[in-house]
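Here are some notes for your first pass through this model. Keep the structure open as you read, and find each part as it comes up.

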Amino acid sequence: MYKVMIVDDEMLARVGIKSLIRWEENGFTVVGEAENGKKAYDKLMVNPVDIVITDIKMPVMNGIELISNVRQHYPDIKFIVLSSFDDFDYVREALKNGAEDYFIKLQMEPDKLLDQLKKIAEKLDHEGIQKKQIAQHDRLRNKEIDLLREKLFKDLAYGWIHTEPEYLQRTKEAELELFEGLKLSLVFQTDGMEIYEKYGNDEIHLLNYAILNILHEISSGHNQCYSVSMHPKEFLMLYFAPPHQGIEETLRQACQLAETIKYALKKYLNFSVCIAISEPVHHFMNIKQSYRQAMETLSLRYAHSEGTTFLYREINSLSATSEATDIAKEIRNLELYLQRHEDNHVIKVMDNLRYLLANMNGYSLESLKVYCAPIVFLLSSRWGEEASAWMDNHLKGMDHWSSKSDMIKWLEKVQETWVKGMGTLSDGSRLIQSAMRFIQRNYSNSVTLESVAEYLQLSPSYLSNLFKKETGRNFIDYVTHLRIEQSKILLRTTELKIYEVGHKVGYENEHYFSRVFKKIVGCSPVQYKTDTTL
């Protein structure tokens, strides 16, 4: 039903128009009337209609003024004007202001009025279809822009944009004009937080989307600030400072952003995070450096209380001494040997670290925790599903330090429990567990046998054979099934389009994604999304 309002200063005229045709039988309903343009305008501002039939000459506000005022707020409302024989100048003005047609009151016939109403209804139908098409196009375009921006910011963080022309072209395609001033990264991860233990896999994806939506909302309130999920449970906010803004002001604003993020996550999702802030950089090619700085800083978050904001420059100042340099080198060695599963070398590095930390003088116990926390974090990577509990247990042990000797005993206990725990797994099993964790973190990108082998410092052929031996399936099958399982979750829990789901799980080509999905699941992604019985 199209809603109609009748406006005329003569009550008998309004009654006559309402009695002229059978409104509802023809798809119309008279929902209101008014005795002058002002009263009609007030009612329309609260409850707009589709069609207004109005007299031209009325007190307070005439029909022409009514049309002009209403169309400023509701340009889609259609008007039919009524006039007397001597109103031609008014009629011409009304048509000029957008009225659809006019009738001379004394000559208005039911059939002609109904014909005009039906023409207007057809016009409204056509405009409605056009609006839906435009809205659909805008939604698709907005999603396309979102994907282009997500890819742009990830590529900047990973350092995959190498030339100025490419950078300018990519920002143009993403419909962005980024400031040419300083740039920095804010990063936080949600790994190990208790909130994730309350949800299944489906809800974890929804929680990640909720976090990203909050970040987007915060970004929209700050000029030149953009958020992206780098990996599941890892989020990056890039801040582009205005030209001529100095380093200190840029860092101050970044700290304000961090506080806003922490406040919003606590208020709406009820959890706390530590946020790491990089040093500001000048050129877009150095965004990769700023991202790495933030990630390096974030790796020390376990030595801090929840909800801490800490800057790379502050953490970096702790590493200025030769002793700190030696410790940082051994921690890098520890990470490498853990990846390679060379446990004998891991134990030697632990011995070296214990010696170096015992001989660091002039440092508070709180400062020493900054170096000890990453050791536990790295060692926990080999504990599979028990990693979080194992790490948390040892981190809590730091709270009981009262002297440096307590720290040494703590390190000895960490090493002892790690060696004992690793004795229950074969080297091959540990390697494949690391490989599977790497795949689970990177399945949405172009993860390959070669990239995993490079991460583990193994040959691709050796990894391929070992993967089949330990898991019973080949590498490609494992990655494919993981991606399809994740896509099933996204199809059922989000409003993403099919091609967007494919993109999220690592398939750039929608048709290839649909073909693989159907081969494994037995139906197309569209069928799976719409048929809840599957």
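1. How do the axes of helix H2 and helix H3 cross, and within what distance do they come? This is a predicted model, so treat every value below as computed from that prediction. The axes of H2 (residues 37-46) and H3 (residues 63-73) come within 10 Å. They cross at roughly 10°. Angles under 35 degrees count as roughly parallel, so H2 is roughly parallel to H3. The crossing of H2 past H3 is right-handed.

2. Now look at the residues in that contact. H2 brings Gly37, Ala40, Tyr41, Leu44 and Met45. H3 answers with Leu66, Asn69, Val70 and His73. Sorted by class, the contact of H2 with H3 has 6 nonpolar and 3 polar residues. No charged residues take part in it.

3. Next, the sheet. In what order do its strands lie? The order is S7-S8-S6-S9-S10, which makes 5 strands in an open sheet. The pairing is mixed. S7 and S10 (309-311) stand at the edges and have a single partner strand each, so one side of each lacks a neighbour in the sheet. From one strand to the next, the twist averages 20°.

4. Helix H8 (residues 247-269) packs on this sheet. H8 touches S6, S7, S8, S9 (275-277) and S10. The direction of H8 makes about 25° with that of S6.

5. Glu234, Leu236, Leu238 and Phe240 lie on one side, and they are buried. Phe235, Met237 and Tyr239 lie on the other, and they are buried too.

6. Which strands pair with S8? S6 (residues 183-189) is joined to S8 by 7 bridges, and the two run antiparallel. S7 (residues 225-231) is joined to S8 by 6 bridges, again antiparallel.

7. Trace the chain from S7 into S8. The two strands form a hairpin with 2 residues between them. Lys233 sits in the turn and has a positive phi of about 75°.

8. Most residues other than glycine have a negative phi. Val60 is not a glycine, yet its phi is positive, about 70°. Look for Val60 in the loop between strand S3 (51-55) and H3. Its relative accessibility is 68%, so Val60 counts as exposed.

9. Glu175 is the other residue to check. Its phi is positive as well, about 55°, although Glu175 is not a glycine. Where is Glu175 found? It is in the loop between helix H6 (164-173) and S6. Is Glu175 buried or partly exposed? With a relative accessible area of 47%, Glu175 is partly exposed.

Key:
Residues numbered from 1 in each chain as written. Predicted model: local features only at pLDDT ≥ 70, side-chain atom pairs only at ≥ 80, totals over all residues. Heavy atoms only, no water. Buried < 20%, exposed > 50% of the residue type's maximum accessible area, 1.4 Å probe, protein only. Helix = DSSP H or I, 4+ residues; strand = E, 2+ residues; numbered from the N terminus. Pairing = 2+ DSSP bridges. Axes fitted to C-alpha atoms, helices over the stretch in contact; angles between N-to-C directions. Parallel < 35°, antiparallel > 145°, perpendicular 65-115°, else oblique. Left-handed = near helix turned anticlockwise from the far one by under 90°. Contact = heavy atoms within 4.5 Å. Nonpolar A, V, L, I, M, F, W, Y, C, P; charged D, E, K, R; others polar.
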